[in-house]
Number of protein chains: 2
Amino acid sequence: MCELLAMSANVPTDICFSFTGLMQRGGNTGPHKDGWGITFYEGKGCRSFKDPLPSAESPIATLVTEYPIKSEAVICHIRQANSGAVCLENTHPFIRQMWGKNWTYAHNGQLKDVHQQLSIKYHIPIGTTDSEHAFCWLLDQLHLKFAQQQPSNDELFTFIAQLSEQINRLGVFNLILSNGDCLFAFCSNNLHWITRRAPFGEASLIDAEMMVDFHKETTDKDVVTVIATQPLTDDETWQKMLPGQWQLFSLGEVIASGQTRTKSPS
Amino acid sequence: MCELLAMSANVPTDICFSFTGLMQRGGNTGPHKDGWGITFYEGKGCRSFKDPLPSAESPIATLVTEYPIKSEAVICHIRQANSGAVCLENTHPFIRQMWGKNWTYAHNGQLKDVHQQLSIKYHIPIGTTDSEHAFCWLLDQLHLKFAQQQPSNDELFTFIAQLSEQINRLGVFNLILSNGDCLFAFCSNNLHWITRRAPFGEASLIDAEMMVDFHKETTDKDVVTVIATQPLTDDETWQKMLPGQWQLFSLGEVIASGQTRTKSPS
């Protein structure tokens with residue numbers, strides 16, 4: 001499997017604290033040592049750092065913890081390979097362009113028969129993971145339904161939730177997806193989130209000996225939501241998402257949410 | 001304007017030496033201080049490092065000089081903005097996916113009336129540069145001519161040379177383009193290249209006090225071509241490309257070349 005981390009904030013915010021915890025799970029406190037990647041949006045642009053090396057040992061991951069890149073939307077993934085070899089083209093997040101935006105995608109879980117069940121025509125995968133295949137299929141469906149014209153966020157993300165539910169029937173599909181403006185999270189079985197806002201307090205990482213006093217790092221207007229497969233701190237209350245639930249975040253706030261038909265327990 | 005650097009090699013090779021020279025031109029020995037980016041292909045995957053900061057002062061650029069990422073195809077760009085603000089979405093190289101490959105593009109020069117002259121339908125730009133617009137137009141033309149089926153390299157790159165010549169009529173268009181397998185260079189007015197092979201010798205950077213003895217770093221079978229707007233070393237013989245000339249490299253060797261109709265001197 002793997003682990004996901006994402007952030008949505010109303011002011012450019014660095015993710016050094018959360019990433020410091022997560023990167024330990026890539027070969028140190030966790031077994032997700034088959035590569036990692038992180039994408040930061042800055043305006044309409046984005047930049048990624050990726051390494052097929054374990055994050056706990058990666059000089060690039062160390063740079064990301066030490067160089068505070070401030071962003072309003074971040075998606076991060078550390079990988080434990082189950083479908084597709086350990087190599088750069090199989091390393092999340094995956095990024096493609098649609099409607100003049102960068103779309104960034106990271107998946108936790110495993111999907112069965114994805115090549116047979118999800119037929120692709122336009123967005124051809126580069127690597128061999130079930131994850132990228134599902135992303136390409138999702139983009140194909142957006143293209144087929146909306147063509148060159150991006151619909152309203154309501155229409156778009158309600159449709160993406162339906163597609164997520166359809167993919168989820170093939171296995172486990174915890175998803176983080178962003179176009180920079182919005183950050184979409186779909187829970188198959190394992191996603192948590194927390195919104196930090198004034199009055200800010202302290203928090204301690206589970207995976208590293210690090211504590212932060214957010215009060216010293218923020219202003220009263222800041223709103224920062226962090227989403228992760230597993231909570232990263234042990235002294236805050238994280239919200240656990242339900243199977244089939246989706247949430248849409250923008251600038252740190254939930255702007256839409258819903259519950260798709262869940263799978264019957266198998 | 002800006003500067004370009006690219007590499008094609010028959011064995012995974014790092015570009016630390018050449019990049020150490022080039023990065024100095026981003027705010028130190030040269031005025032190209034409006035951001036920089038570099039893309040490394042590793043197999044079918046690629047990863048980029050980008051920063052809107054001057055390369056001479058960028059901690060990410062320092063990492064790239066110190067962390068030897070070995071690659072068979074690299075494209076790098078340092079920017080002096082003339083069209084589009086200094087921001088991440090306007091920072092080269094630009095990457096898009098087509099036919100199951102990552103296509104990476106970097107441009108030196110300036111194009112007039114690109115929005116009026118080159119009409120785009122499918123590949124919508126994210127930033128505001130003339131460069132990205134021309135890239136999106138080029139991908140649109142490939143899509144319109146070949147649809148879902150990638151043609152032979154001969155047919156493909158001969159057509160890309162024709163498109164390059166068409167774009168070049170709008171101004172100055174020195175281009176580096178790669179899909180990982182091949183590296184295409186089109187000269188508008190300013191591109192040089194050098195192929196290093198056995199017997200290897202020494203080389204000294206123009207922009208930094210650094211000398212390398214390639215004999216110690218290579219085997220007799222290695223073939224490494226470096227392409228740059230301006231030569232990076234002062235004790236080797238670089239080939240100067242002619243206006244309208246294009247070269248296609250793969251695994252360090254020239255595999256095709258041609259001469260398009262050049263502009264009449266203006």
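Q: How many residue pairs are in polar contact between chain A and chain B?
A: In this predicted model, the count is ten residue pairs, both residues being at pLDDT 80 or more. A polar contact is a pair of N or O atoms within 3.5 Å; within protein, one must be able to donate a hydrogen and the other to accept it, and residues adjacent in sequence count only if both atoms are side-chain atoms.

Q: Which element gives the most to the side of chain A that touches chain B?
A: E3(A) does, with seven residues.

Q: And salt bridges, how many between the two chains?
A: Two, where a side-chain nitrogen of Lys or Arg lies within 4 Å of a carboxyl oxygen of Asp or Glu. Arg47(A) forms a salt bridge with Asp51(B), with the closest N and O atoms 3.1 Å apart.

Q: What area is buried between chain A and chain B?
A: About 2500 Å², with carbon and sulfur atoms giving 61%; this is the accessible area (1.4 Å probe) that two parts lose on being put together, summed over both. In chain A, Leu88(A), Gln97(A) and Ile126(A) lose the most area to chain B, together 23% of what that side buries.

Q: How many residues are in contact?
A: 31 residues of chain A contact 31 of chain B, with heavy atoms within 4.5 Å.

Q: Changing topic, which residues of H5(B) are buried?
A: Among them are Leu156(B), Phe157(B) and Ile160(B), buried meaning under 20% relative accessible area (1.4 Å probe, protein chains only).

Definitions and conventions: Residues are numbered from 1 along each chain as its sequence is written. Chains are lettered from A and ligands numbered from 1 in the order in which they are written. This is a predicted model: local features need pLDDT of at least 70, side-chain atom pairs count only at pLDDT 80 or more; totals for chains, interfaces and linings use all residues. Side-chain values use heavy atoms; hydrogens and water are left out. Buried means under 20% relative accessible area, exposed over 50%, partly exposed in between (1.4 Å probe, protein chains only). Helices (H or I, at least four residues) and strands (E, at least two) are DSSP runs, numbered from the N terminus.
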